[in-house]
Amino acid sequence: MADLDGLKVAKDYHVDTPFANQQGFYVKGANSLDWGMKKHLSNIFDPKSGNTVMFAFDHGYFMGSTAGLERLDLLLPKLAPYVDCFMGTRGAIRACVPPEITKAIALRSTSGSSMLQDDLSHEIVAVDVEDAIRMNADCMACQVFIGGDGQLESIDNLSYLINEGFRYSIPVLGVCAVGKDMARTGRYFKLATRIIAEMGVQIVKTYDCEDFEEVVAACPVPIVVAGGKKLPERDALAMAYNVIQKGAHGVDMGRNIFQSPHPEAMAQAIRMIVHEGATDAQAWEFFQDAIH
Ligand code: 5RP
């Protein structure tokens with residue numbers, strides 16, 4: 001065990017200095033990866049903006065049928081034109097995403113908990129990597145509970161998927177999950193996202209928080225931001241704008257799109273912010289025009 005005495009709190013994040021090791025390829029931290037990994041990352045992150053709009057609809061893996069996701073077969077084709085990547089379970093993707101929709105796939109690859117339990121932090125790897133290959137998954141998503149009860153098994157799941165991912169050139173998306181006793185502070189997310197990145201993932205998913213720009217600066221791979229619980233549309237757009245301004249490379253948003261009464265307009269408004277440099281005010285104006 002390393003000696004923890006005398007450790008200093010990190011403070012010099014150089015938030016205004018761009019990531020340095022970026023020659024040759026546009027995705028943060030991916031410079032030294034092989035062609036296959038880079039190809040998958042290019043499917044996820046738009047080469048022009050460098051960012052991604054992921055649509056998360058994997059909630060059923062622990063919540064069952066969720067408000068807004070009752071009919072994935074109807075919803076997903078409608079949203080497809082406005083998103084870059086679908087994030088879901090293999091059951092939902094195989095059954096409800098027509099294969100001719102040429103969007104990237106983020107395959108939810110861990111499972112094991114449900115809303116009926118008190119502690120959601122214990123998961124297993126639920127998908128064979130061979131099946132991720134069969135599905136042409138562009139990344140495998142792994143839930144990671146740093147500081148929670150399930151930390152060790154999370155790291156075990158994550159390490160397994162990263163090792164297999166390197167074997168077959170499939171990126172891993174580490175989903176920074178917040179255990180029920182953990183506070184959503186900048187300090188926590190700095191710790192958790194950095195641990196996940198150092199394990200070897202190619203993408204980290206986390207939440208907005210204070211000092212978010214420092215979380216981004218200290219994370220050597222792209223961060224995508226979860227939407228979290230449903231907010232008024234205007235607030236969700238402001239959140240998306242703020243995190244993009246602070247260096248996030250996109251969103252991986254679920255409820256703030258699919259629980260809006262106007263999911264297509266919301267996805268388009270988010271897209272304007274993530275890819276076109278629109279402000280939240282411009283995206284809100286678009287949203288209001290689109291729904292009237
Ligand atoms: C579950 C997830 C979800 O995909 C994530 O929560 C994104 O959805 P939302 O924007 O609704 O929070 O990773 O662990």
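Trainee: How far is a backbone N or O atom of G228 from an oxygen atom of the ligand?

Mentor: In this predicted model, a backbone N or O atom of G228 lies 2.9 Å from an oxygen atom of the ligand, which is a polar contact (a pair of N or O atoms within 3.5 Å). Residues are numbered from 1 along each chain as its sequence is written, and side-chain values use heavy atoms, without hydrogens or water. Local features need pLDDT of at least 70 and side-chain atom pairs 80 or more, whereas totals for chains, interfaces and linings use all residues.

Trainee: And what about G227 and the ligand?

Mentor: G227 also places a backbone N or O atom 3.0 Å from an oxygen atom of the ligand, while K205 brings a polar side-chain atom to 2.9 Å from a ligand oxygen. The protein covers 96% of the 360 Å² of accessible area (Shrake-Rupley, 1.4 Å probe) that the ligand has on its own.

Trainee: Switching topic, how many disulfides does the structure hold?

Mentor: The structure holds zero disulfides, meaning no pair of cysteine sulfur atoms within 2.5 Å. C139, for instance, is in none, as its nearest cysteine sulfur, that of C85, is 5.5 Å away.

Trainee: Is C139 buried or exposed?

Mentor: C139 is buried (under 20% relative accessible area, against over 50% for exposed), with a value of 0%.

Note on methods: Buried < 20%, exposed > 50% of the residue type's maximum accessible area, 1.4 Å probe, protein only. Polar contact = N/O pair within 3.5 Å; in protein donor to acceptor, adjacent residues only side chain to side chain.
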